[in-house]
Amino acid sequence: MQNPGSTNPDRVGRFPAQARFADGAQYIAGRLRKGTSGRSHTVIDPATGEEVLTYELAGADDVDAAVAAARAAFPAWAGATPGERSDALHRFAAVLAERAEDFARAESLQCGKPLKLTREFDVPGTIDNTAFFAGAARHLQGQSAGEYSGDHTSYVRREPLGVVGSIAPWNYPLQMAAWKILPAIAAGNTIVLKPAELTPLTSLLFAQAATEAGIPDGVINIVTGTGREAGEHLVGHPDVVMTSFTGSTAVGRRVAEIATATVKRLHLELGGKAPFVVFDDADLDAAVQGAVAGSLINTGQDCTAATRAYVQRPLYEAFVERTAALMETVRLGDPFAPGTDLGPLISHVHRDRVAAFVDRARAYARVVTGGEAPQGDLTNGAYYAPTLVAGAAQDSEIVQSEIFGPVLVVLPFDSDDEGIALANDTPYGLAASAWSRDVYRANRATREIKAGCVWVNDHIPIISEMPHGGYKASGFGKDMSAYSFEEYTQIKHVMFDNTAVVRKEWHRTVFGDR
């Protein structure tokens, strides 16, 4: 592991958060306001431990106000033509592009992501997603069912739902806000989004950019509070007709429990423990590169990150050796320094949680590299070294539980049957990858691995046109793509009589002659 430390100490102009959000961190009906919970929260730069922004948290009254604003905005926004909503979203994409550097810096500051990652991945991906849903807005299509019942004609309408209440996580605050807001409003809904209280900056900027682009006040509202207070109140609110939540499986169960009480539509994108299956005919160098990139993306704080590498026995020892060697070249450092590959974890609390998983594993497995917090210039930040663990049993905690950090566990397998069985042997099913030069072998893996996405000879890329979502304890529903767009609509069957006379046959069938 290399450590550039503070080789580029110039963090001037990172992002003037305190000045930008002096009016508060709640965005309701087109303006910033202070929260009413009576409690405050401080956003911390996880790279330095420095305070970024202190703001008043949202309480139930703020949630009520945001839902009321969204409800008031719904009739006009739902009544706009698809072309009008599309034009607004195209303008929105243009504003995001103009503000790209602000978004990149704010995301790096609050999350500890390397600036090169936010510039090249988070922000461009968000702009592309906005442009995609600008196009999708014009395709809110029903379907003619034709004359399937004598002289009656049927057709199907797709209509918006109403007010959507969404909760986004802290690992990709900008992209997760976009994934929830864009399909909802493209379909004609209005929305209240609760970002994680650790990372509210880019969600607030996103809503402000929407207003600047001409999206009406109240269509997008942001309430920044705790999950227990603001989040649970939003999910249980009687005027919220759909809940979309991204986060841990444990919290997802609680969200489902609350949403079920009011019979809400529910979308859950939950935890993951992605297998990375390397067959013995794979390109070993490519697999090693993929494993390091796939396990360390966003410092491992990614529910699709490669966490369990299953390597067929002939390649196992070489894979472990080469992966450890490559991990040791990864450069930890200041997210704003050009040479940094890996930033800190989101907080010291989370860093300690990740470290505890690895420390407990020492009793039954071998830590090949990493497994410690770096010293020197990085001690004030929530850094943790890229870590490779070998020799753990399949049923051990480090193999079965979501760690959400820069930790990859490697296990050997013998037969193809065994490799696929091991890949499926956790409660999760969000993403996976299979590595093989044999198209039939790879195709079998894509069929039999139970995950919402299976990459072949790659791990982690996503695109706006294709769906993202899981199986099993990883939840249900899709983000991105036309599949996501459709989830934010409801289907209505319309049927009418083509004849000029009132029909009595059906009435007689039911009631007899009256």
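Here are some questions and answers about this predicted model.

User: Happy to start with the overall picture: how many helices and strands does the chain have?
Analyst: Welcome! This is a predicted model, and its C-alpha atoms fill a box of roughly 85 × 60 × 35 Å along the principal axes. As for helices and strands, the chain has 17 helices and 24 strands.

User: What radius of gyration does the chain have, and does it agree or disagree with a compact globule?
Analyst: The chain has 514 residues, and a compact globule of that length would have a radius of gyration near 24 Å. The value for the chain agrees with this, at 25 Å.

User: What share of the residues counts as buried?
Analyst: Let's take the surface along the way: the accessible surface comes to about 20,400 Å², and 52% of it belongs to carbon and sulfur atoms. A residue counts as buried when its relative accessible area is under 20%. Among the 514 residues of the chain, the buried share is 56%.

User: How much of the contacts with a separation of 6 or more comes from residues 24 or more positions apart?
Analyst: Here the contacts considered are those in the chain with a separation of 6 or more. Residues 24 or more positions apart account for a share of 75%.

User: Are helices α3 and α6 roughly parallel or roughly antiparallel to each other?
Analyst: Helix α3 covers residues 82-98 and helix α6 covers residues 173-186; their axes come within 10 Å and cross at roughly 150°. Angles over 145 degrees count as roughly antiparallel. The two helices, α3 and α6, are therefore roughly antiparallel.

User: Which residues make that contact, and how many of them are nonpolar?
Analyst: From α3 come Arg 85, Leu 89 and Phe 92, while α6 brings Leu 182, Ile 185 and Ala 186. The residues of this contact include 1 charged and no polar ones, and the nonpolar ones number 5.

User: Is Val 164 buried or exposed?
Analyst: Val 164 lies in strand β8, residues 163-167. With a relative accessible area of 0%, Val 164 is buried.

User: Where is Val 240 found, and which residues does it touch?
Analyst: Val 240 is found in strand β11, residues 240-246. At 2% relative accessibility, Val 240 counts as buried. Not counting residues up to four places away in sequence, Val 240 touches Val 67, Val 163, Val 164, Gly 165, Leu 234 and Lys 264.

User: What is the phi of Asn 298, and why is it worth a look?
Analyst: Asn 298 is found in the loop between α10 (284-296) and β14 (306-312), and it is buried with a relative accessible area of 7%. Most residues other than glycine have a negative phi. Asn 298 is not a glycine, yet its phi is positive, at about 55°.

User: Is Lys 472 buried, exposed or partly exposed?
Analyst: Lys 472 is found in strand β22, residues 471-472. Lys 472 also has a positive phi of about 55° although it is not a glycine. Its relative accessible area is 42%, so Lys 472 is partly exposed.

User: How far apart in space are Asp 128 and Ala 93?
Analyst: Asp 128 lies in helix α5, residues 115-136, and is partly exposed, with a relative accessible area of 38%. In sequence, Asp 128 and Ala 93 are 35 residues apart. In space, C-alpha to C-alpha, the separation is 7.7 Å.

Key
Residues numbered from 1 in each chain as written. Predicted model: local features only at pLDDT ≥ 70, side-chain atom pairs only at ≥ 80, totals over all residues. Heavy atoms only, no water. Axes fitted to C-alpha atoms, helices over the stretch in contact; angles between N-to-C directions. Helix = DSSP H or I, 4+ residues; strand = E, 2+ residues; numbered from the N terminus. Parallel < 35°, antiparallel > 145°, perpendicular 65-115°, else oblique. Contact = heavy atoms within 4.5 Å. Nonpolar A, V, L, I, M, F, W, Y, C, P; charged D, E, K, R; others polar. Buried < 20%, exposed > 50% of the residue type's maximum accessible area, 1.4 Å probe, protein only. Rg over C-alpha atoms; globule rule 2.2 N^0.38 Å. Areas by Shrake-Rupley, 256 points an atom, 1.4 Å probe, with all protein chains shown as cover.
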